[in-house]
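This report describes a single protein chain, moving from its overall make-up to individual residues.

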Amino acid sequence: YCGNAGNNGAILELDSSLKYKVYMFYAKPRSAKKFADKYKNLSASVVAKLIHRIAANRLQLLDYYLKCVQKKSKEGKTVSAPSSEVAHEKIITRVEWAHGLKHVLGLDIAFLFLRNIPGVPKNGVDGKVKGKFNYAQWLSKFTPTTSMLKLNTDHPAALGQTLDKIINVLQKYRVAAKSLFRYFDVNGDGSISLDELHIGLFCLTKVYDETFNEEELQHLFTHLDKDKSDSIDY
C-alpha cells in the first residue's frame, strides 16, 4: 500500500456487513546488489509519468523544435543530414532536444542523461552516435492512438464512415480516444450511455464542425457496446 518505495503490505478481511479487519505485513526485502536495482520500480513509475507528460505536451514540443530549426536557418547554419530530412527542417541536436523538454515541460532535469529512456535514437541521421536526429519522428511515438475505434470487416460501410469522422477529429485536433470518451461521460461513472453519446456527438458538431445523424449514432453505439450492456465502457 505504500507504492513502489518499499515492501509494506496489507490484507483486508471483509465480512457480510462489509466491516473489515486489516492485517499488515512486511514482505521479506529482495536482495539488491545495486542501488539502481533496489529502486528500479520507483524509477519505472517516474519514467512513466515523464513519458505521459511528453505525450501531453507533444504539440508544444513540435512548435518549440520548429522554432529552433527556423532560427538556425535564419542564422545560416547548415545541417549535416540527408537532403530529404533537410527539406523538411526537422533535425535538431541533442542539446536542443534537452533544452526543449526543460522549457516546455518545466522540469529541471538532466535530460541528456535520460535520452535512452524516452526512445531517442542512438545514432543520428548522419549515422554518427549521439548525432542530430529527426524530432518529428521521435515525437510521432507519442501520437494519440485510436485503437478503441478499430472496425472489423463485417460491419456496414455507414459505420466505417462514422468512425472515420471521429478518427479525423482525434487526429486533426490531437485528442486521444480515451480522453474523448471521458468527455462524453457526463456523470463520470466510467461508462457512456446512449444519451451521453448523443450529447457528446452533438457537442462535436458544434466544437469541431463535424455532423452526425441519428442512424450514425445508433450504429456507433451498437458497435462500441461490446458486452451488450446498453453502455460503453472505456
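The paragraphs below treat the basis of the values, the chain as a whole, the cores, the surface patch and selected residues.

**Basis of the values**

The structure is a predicted model, in which local features need pLDDT of at least 70, side-chain atom pairs count only at pLDDT 80 or more, and totals for chains, interfaces and linings use all residues. Residues are numbered from 1 along each chain as its sequence is written, and side-chain values use heavy atoms, with hydrogens and water left out.

**The chain as a whole**

The chain contains 10 helices and 6 strands; these are DSSP runs numbered from the N terminus, with helices (H or I) of at least four residues and strands (E) of at least two. Of its 234 residues, 30% count as buried. Here buried means under 20% relative accessible area, exposed means over 50%, and partly exposed lies in between, with a 1.4 Å probe and protein chains only. The chain exposes about 15,600 Å², of which carbon and sulfur atoms supply 54%. Accessible areas come from the Shrake-Rupley method with a 1.4 Å probe, and for residues only the protein chains shown count as cover. Among contacts (heavy atoms within 4.5 Å) with a separation of 6 or more, 55% involve residues 24 or more positions apart.

**Nonpolar cores**

In soluble globular proteins, nonpolar side chains tend to be buried together. A nonpolar core is taken as a set of buried Ala, Val, Leu, Ile, Met, Phe, Trp, Tyr and Cys residues joined through side-chain atoms within 4.5 Å. The largest such core has 20 residues, and Ile54, Tyr65, Trp97, Leu101 and Trp138 touch the most other members. At least two residues of this core come from each of helix H2 (40-56), helix H3 (58-74), helix H5 (94-105) and helix H6 (135-139). Helix H5 gives the most, with 5 residues. When residues up to four places away in sequence are not counted, Leu101 touches Ile54, Leu61, Tyr65, Gly106, Phe111 and Trp138. A second, separate core of 19 residues includes Ala177, Leu197, Leu217 and Leu224.

Ile167 of helix H7 (residues 157-172) has its C-alpha atom 8.3 Å from that of Ala177, 10 residues apart along the chain. Thr162 is also placed in H7. Leaving aside neighbours within four places in sequence, Thr162 is in contact with Phe212, Glu216 and Leu220.

**Surface patch**

Strand E1 (8-14) and strand E2 (20-26) each supply at least two residues of the patch, and E2 gives the largest share, 3 residues. Met24 is placed in E2, whereas Leu18 is in the loop between E1 and E2. The phi of Leu18 is near 70°, a positive value in a residue other than glycine.

Asp230 lies in the loop between helix H10 (214-224) and strand E6 (232-233). Although Asp230 is not a glycine, its phi is positive, at about 60°. Ser191 is found in strand E5 (residues 191-192), and its C-alpha atom is 5.2 Å from that of Ile232, 41 residues apart along the chain. Beyond its neighbours within four places in sequence, Ser191 is in contact with Asp185, Glu196, Ser231, Ile232, Asp233 and Tyr234.

**Accessibility of selected residues**

| Residue | Relative accessibility | Class |
|---|---|---|
| Thr162 | 1% | Buried |
| Ser191 | 13% | Buried |
| Ile167 | 18% | Buried |
| Asp230 | 61% | Exposed |
| Met24 | 62% | Exposed |
| Leu18 | 63% | Exposed |
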